[in-house]
Amino acid sequence: MKRLPALVAVTALAGFGLVGCSASAASSCPTPTDSAIASVVEATGDLGSAPSVTVRSPFVPAQAGTQTLVEGDGPRITSDKQLALVDVTVLDAATGEQLVATKYDADLTTATPLPRLTQAVPSIAPLLECVSEGSRVAVAIPGSDLGAQGAQALGVTEGDGAVFVFDVRKVFLPAANGADQYNADSGMPSVVRAPDGQPGVVIPAGDAPTEVRSQVIKKGDGDVLTADSSAVIHVQGIAWGAKTTFASTWKNGAPGQAKVSALPPALASALEGQPVGSQILVVVPADQTQQDQQALQAPANTALVYVVDILGTVG
């Protein structure tokens, strides 16, 4: 039986490329229900521990669907770019044979990032929309929707469908959701946002600050970061006066994870003490960017501007 890879702890910004709901969303994001799946799939055992899964085989799913077996009460998955940590057991629908399982460890850092699975099987992403943290769901995918790459990765016989049983261990914010803050500091960049929360930076005319400066753009109300926190964050980085970013987890398609104290000093100092849900603007003067150059291949001899969305913590 194969095992899916667990979340690799990233200790520096360079790892971001490897690794995006409020309770009010529940009314507009209904719990997934598919009676056809519920009648053929059973999964017993406590959430977060390896379930005993049986499929009334042969099961030939006519179409993809999702059935909530245990409904959680945490944040919901509302975007295919949102980071969630899951455990999953996969069975061949036709034979009922168990093919793949994650570790189901009590340590949340061993859970698997959902984007890692959806890269191999893209058809999974829309089937987990509206699933909430703390849920166990069964997902059925016909062989035609798995694709050759997905079938090969899972070990499914070509043409057979697959049944996935997901335990959704943790769902992170898709973007900072804190209250907008008023900042009167002059000479600092301004931040604009796309509908999905992705920030853009407007650099003012004139020279960059000669010392590190930071502003809270949105103030969250979640857990407060410490130096030892393993933070999940979105980062947008742009050099002063440039028109394109040198680093962007948004463009990578998923946020990154890093221990706060392992970040470049200006970022670590700006994030420590800030609550989840916040968005922070940081400007680093040109003479203090050596570690940024090493971690992010940031350009040299220029001030750097970061916009950081704090999406949650692991552990």
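Author: **Salt bridges up close**

Gladly! Asp228 counts as exposed, with a relative accessibility of 60%. This is a predicted model, and in it the side chain of Asp228 meets that of Lys259 in a salt bridge, 3.7 Å from N to O. Lys259 is partly exposed, at 36% relative accessible area. The two come from distant parts of the chain, 31 residues apart: Asp228 is in the loop between E13 and E14, while Lys259 belongs to strand E16 (residues 256-259).

That pair is one of six salt bridges in the structure. Another joins Asp180 to Lys218, whose closest N and O atoms are 3.0 Å apart. Asp180 lies in strand E10 (residues 179-180) and Lys218 in strand E13 (residues 213-219), so this bridge ties together parts that are 38 residues apart in sequence.

Finally, have a look at Glu71 and Arg76, a salt bridge with its closest N and O atoms 3.6 Å apart. Here Glu71 is partly exposed, with a relative accessible area of 46%, and Arg76 is buried, at 10% relative accessibility.

Note on methods: Residues numbered from 1 in each chain as written. Predicted model: local features only at pLDDT ≥ 70, side-chain atom pairs only at ≥ 80, totals over all residues. Heavy atoms only, no water. Salt bridge = Lys/Arg side-chain N within 4 Å of Asp/Glu carboxyl O. Buried < 20%, exposed > 50% of the residue type's maximum accessible area, 1.4 Å probe, protein only. Helix = DSSP H or I, 4+ residues; strand = E, 2+ residues; numbered from the N terminus.
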